[in-house]
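Subject: Handing over the model

Hi,

The structure is below, and my notes follow it. Please look through them alongside the coordinates.

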Number of protein chains: 2
Amino acid sequence: MPNPTAAILIIGDEILTGRTREGNAHHLAGELVKVGIDLRQIRVISDDHATIVAAVRALSAEHDHLFTSGGIGPTHDDITADAVAAAFGQSISVREDARALLAAHYAARGVEFTEARLRMARIPEGAALIDNPVSGAPGFSIGTCHVMAGVPNIFQAMVAGLLPRLAGGAPLLSRTWQLMLAEAAIADDLRALAKAHPAVSLGSYPFVTDGNYGTNLVARSTDPAALEAAYAALQAAFPEGQ
Amino acid sequence: MPNPTAAILIIGDEILTGRTREGNAHHLAGELVKVGIDLRQIRVISDDHATIVAAVRALSAEHDHLFTSGGIGPTHDDITADAVAAAFGQSISVREDARALLAAHYAARGVEFTEARLRMARIPEGAALIDNPVSGAPGFSIGTCHVMAGVPNIFQAMVAGLLPRLAGGAPLLSRTWQLMLAEAAIADDLRALAKAHPAVSLGSYPFVTDGNYGTNLVARSTDPAALEAAYAALQAAFPEGQ
């Protein structure tokens with residue numbers, strides 16, 4: 001059976017204006033590889049209701065899972081929860097289970113539970129909550145659309161709680177062989193190797209260090225035996241690597 | 001006149017498998033702000049012909065400019081140039097102008113011009129070349145689709161050469177006011193400020209430092225006077241900031 005597929009949707013003008021370098025998609029990409037969910041697309045869009053609704057619908061339809069990051073805080077520009085509810089035709093309001101979570105979190109810390117904070121208890125009808133051990137305000141899943149915070153440590157905590165609940169597949173394994181040779185110098189041999197090992201994806205990633213050209217050859221497969229065979233062939237073809 | 005819009009398409013399995021943290025989109029996002037081109041979407045997809053063709057068509061149709069990064073090197077997994085040609089219904093082959101550029105680059109460095117390197121002279125019919133001062137192999141523009149390398153220093157050099165040739169708009173200006181207050185504590189005041197300054201986009205970005213909550217308030221506008229008015233209002237509303 002093929003692995004489940006996924007997309008990540010990052011919501012936030014701060015990425016598109018170059019103010020913030022996105023890191024949540026990079027973190028989740030590495031976690032999805034381990035649990036055997038194939039990430040097919042990452043998309044970054046702005047904090048705009050119609051744009052979020054359209055992207056959530058399109059990416060949910062095309063993938064087994066959709067993970068979103070950003071826009072579920074207490075301020076006027078946090079519009080993700082309402083947009084996701086709209087995308088799935090669900091109503092949204094303050095839910096008692098989410099309100100109770102927040103109330104307990106703030107009470108334990110002596111923080112006032114204000115009207116603005118109550119906004120973070122707005123959860124679409126029928127959604128399952130995603131635990132937020134950092135700051136209390138939960139994320140949520142509507143079916144296979146998982147809505148999480150944008151603040152990196154909160155996002156990572158939500159991912160850690162969520163992923164074990166999802167059915168994964170065979171983890172994508174990889175081995176890297178590094179050569180201090182330009183990509184072009186090895187392209188022909190590499191093409192032949194790729195043909196000889198069809199169960200393995202062979203990628204080549206050039207780099208420059210101290211003015212010298214190098215290439216990382218990365219073999220990837222969900223089949224451990226096929227991966228080791230391809231890796232051994234890489235080592236034999238390019239014995240100068242490491 | 002509204003600013004031209006843009007999307008960035010990053011092509012590469014190394015991002016989707018979490019191996020590499022993407023940085024080219026972040027770099028270009030910052031440059032586009034300066035020249036007044038509004039970045040509306042960043043999309044990361046895998047090295048797959050049909051996926052690239054579909055994304056290039058969709059993003060080109062929806063934006064004034066499309067910038068791509070990755071997949072134009074000499075190896076078997078470098079399929080971007082052929083896919084972009086297919087997306088626009090253009091033929092592609094080794095072009096004499098690109099071949100001459102590469103021949104001169106390698107001759108000057110005493111590097112052999114191999115068959116694999118010649119692959120980098122494959123340029124779609126009708127495309128304009130984008131200069132690569134780092135490693136010779138050019139990028140290209142088909143109309144408003146600009147195809148560039150994935151290696152960061154080459155990508156940045158191509159961007160530096162390309163952007164001055166594009167017609168931009170009014171640069172998006174921004175001012176940031178930082179508060180050591182949780183987002184929720186300022187949400188109501190901020191909502192009122194956002195309403196009072198409709199020509200300015202007011203974003204709030206929470207962070208945690210040494211266990212303390214803080215928020216960066218970012219005002220953005222292409223109108224300098226409106227921006228300064230909103231920034232002054234932010235300072236007045238939250239005098240504890242800096």
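Chain A can be laid on chain B by a turn of 180 degrees and a shift of 0.0 Å along the axis, with an RMSD of 0.0 Å. That is the relation of a two-fold axis. In chain A, the C-alpha nearest the axis belongs to A:Arg43, 2.2 Å from it. The superposition is by least squares on the C-alpha atoms of residues with pLDDT of at least 70 in both copies.

This is a predicted model: local features need pLDDT of at least 70, side-chain atom pairs count only at pLDDT 80 or more, and totals for chains, interfaces and linings use all residues. Residues are numbered from 1 along each chain as its sequence is written, chains are lettered from A and ligands numbered from 1 in the order written, and side-chain values use heavy atoms, with hydrogens and water left out.

Now the interface. In contact (heavy atoms within 4.5 Å) are 57 residues of chain A and 57 residues of chain B. The copies meet through the same surface, because 98% of the interface residues of chain A are also interface residues in chain B. The buried area (accessible area, 1.4 Å probe, that two parts lose on being put together, summed over both) is about 4,500 Å². Carbon and sulfur atoms give 55% of that. In chain A, A:Arg19, A:Arg21 and A:His76 lose the most area to chain B, together 15% of what that side buries.

Polar contacts come next. Across the interface there are 15 residue pairs in polar contact, both at pLDDT 80 or more. The rule takes N or O atoms within 3.5 Å; within protein, one must be able to donate a hydrogen and the other to accept it, and residues adjacent in sequence count only if both atoms are side-chain atoms.

Then strand S3 (residues 65-69) of chain A. Strands are DSSP runs of E, at least two residues, numbered from the N terminus.

S3(A) runs parallel to strand S1 (residues 5-11) of chain A, joined by five bridges. Pairing takes at least two DSSP bridges. A:Ile10 has A:Ser69 as its bridge partner in S3(A). S3(A) also pairs in the parallel sense with strand S8 (residues 145-148) of chain A, over four bridges. There, A:Val147 is the bridge partner of A:Thr68.

Best wishes
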